[in-house]
Amino acid sequence: SRNFPKFKIEDDPETEQYIAMILKSSRLRSNIVEPVRRMCAAGSSLVRYSIVDGTWKIEYYLAKWCFPEFDKTGNLKSVKIQYIYVDKEDLDERKLPKKKWFKMELGQYKDVLYSNPEVGDVGIEEPEFKVVAVANHELGFVQAEWLRTAKEPNSVDGPSIVADILGFVDELNYSLSQSSQAISYNQDPQLTLKNMDEEEVGNLIRSASKAWN
């Protein structure tokens with residue numbers, strides 16, 4: 001809360017109070033934390049906002065699911081959101097949740113929600129979507145914001161703040177994995193063999209290397 005920007009309009013206190021009410025009613029401070037964290041890690045993320053039954057609704061989508069388009073001034077012209085998810089409420093004959101497609105398109109004048117067809121057994125080819133609902137808002141702008149750490153030429157994403165340490169993270173994970181395996185081996189019970197010759201030890205089902213002779 002100490003780092004969140006404060007909006008002050010000295011010549012128009014009513015507008016300043018109006019903005020403060022929007023920030024409070026939308027709970028923007030708490031809702032923006034996770035998409036900003038995702039943006040810092042991946043370089044970009046999408047935040048969608050709308051009003052549902054008189055209440056602000058703010059949700060975010062991972063950048064890898066989004067396909068944005070911008071106009072010449074850099075404003076968001078449209079964005080397609082598409083990904084595969086697990087529908088836990090729809091089970092198959094083996095009582096396992098089905099995998100389905102999600103697709104939605106946000107535009108400057110309307111938002112389109114599509115059906116959720118199942119993912120085929122062969123590959124993940126894109127199926128034929130059907131329009132389920134269309135919201136003609138006619139606002140002239142997309143009800144979403146494309147967040148990115150910085151603008152890079154020929155890229156819709158910004159640079160990730162963790163990209164330079166990914167190699168170190170891989171090495172650290174490998175080191176921890178080896179340490180974990182070593183601990184597991186040390187906890188493995190050891191056999192103690194007594195008065196057995198080399199041939200008798202070799203006939204044991206358990207590996208002779210894991211025993212004290």
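A residue is called buried when its relative accessible area is under 20%, exposed when that area is over 50%, and partly exposed in between, using a 1.4 Å probe and protein chains only. With a relative accessible area of 7%, cysteine 66 is therefore buried.

Before we go on, a word about the model. It is predicted, so local features need pLDDT of at least 70 and side-chain atom pairs count only at pLDDT 80 or more, while totals for chains, interfaces and linings use all residues. Residues are numbered from 1 along each chain as its sequence is written, and side-chain values use heavy atoms, leaving out hydrogens and water.

| Residue | Relative accessible area | Class |
|---|---|---|
| Cysteine 66 | 7% | buried |
| Lysine 103 | 10% | buried |
| Cysteine 40 | 22% | partly exposed |
| Alanine 42 | 48% | partly exposed |

How many disulfides are there? A disulfide is a pair of cysteine sulfur atoms within 2.5 Å, and by this rule the count is 0.

Now to alanine 42, which sits in helix α3 (residues 33–42). Helices (H or I, at least four residues) and strands (E, at least two) are DSSP runs, numbered from the N terminus. Leaving aside neighbours within four places in sequence, alanine 42 is in contact (heavy atoms within 4.5 Å) with Gly158 and Ser160. Alanine 42 and serine 160 are 118 residues apart along the chain, yet their C-alpha atoms are separated by 5.2 Å.

Helix α3 also lies across β1, β2 and β8, running at about 160° to β1. Such angles run from 0 to 180 degrees between N-to-C directions, with axes being lines fitted to C-alpha atoms, for helices over the stretch in contact.

Those strands form an open sheet of 3 strands in the order β2-β1-β8, with antiparallel pairing. Two strands pair if DSSP finds at least two bridges between them. Strand β1 (residues 44–52) runs antiparallel to β2, and 8 bridges join them. As an example, leucine 46 has tyrosine 61 in β2 as its bridge partner.

Finally, lysine 103 belongs to strand β5 (residues 97–107). Not counting residues up to four places away in sequence, lysine 103 touches Lys80, Ile81, Gln82, Leu113, Tyr114, Glu126 and Phe129.
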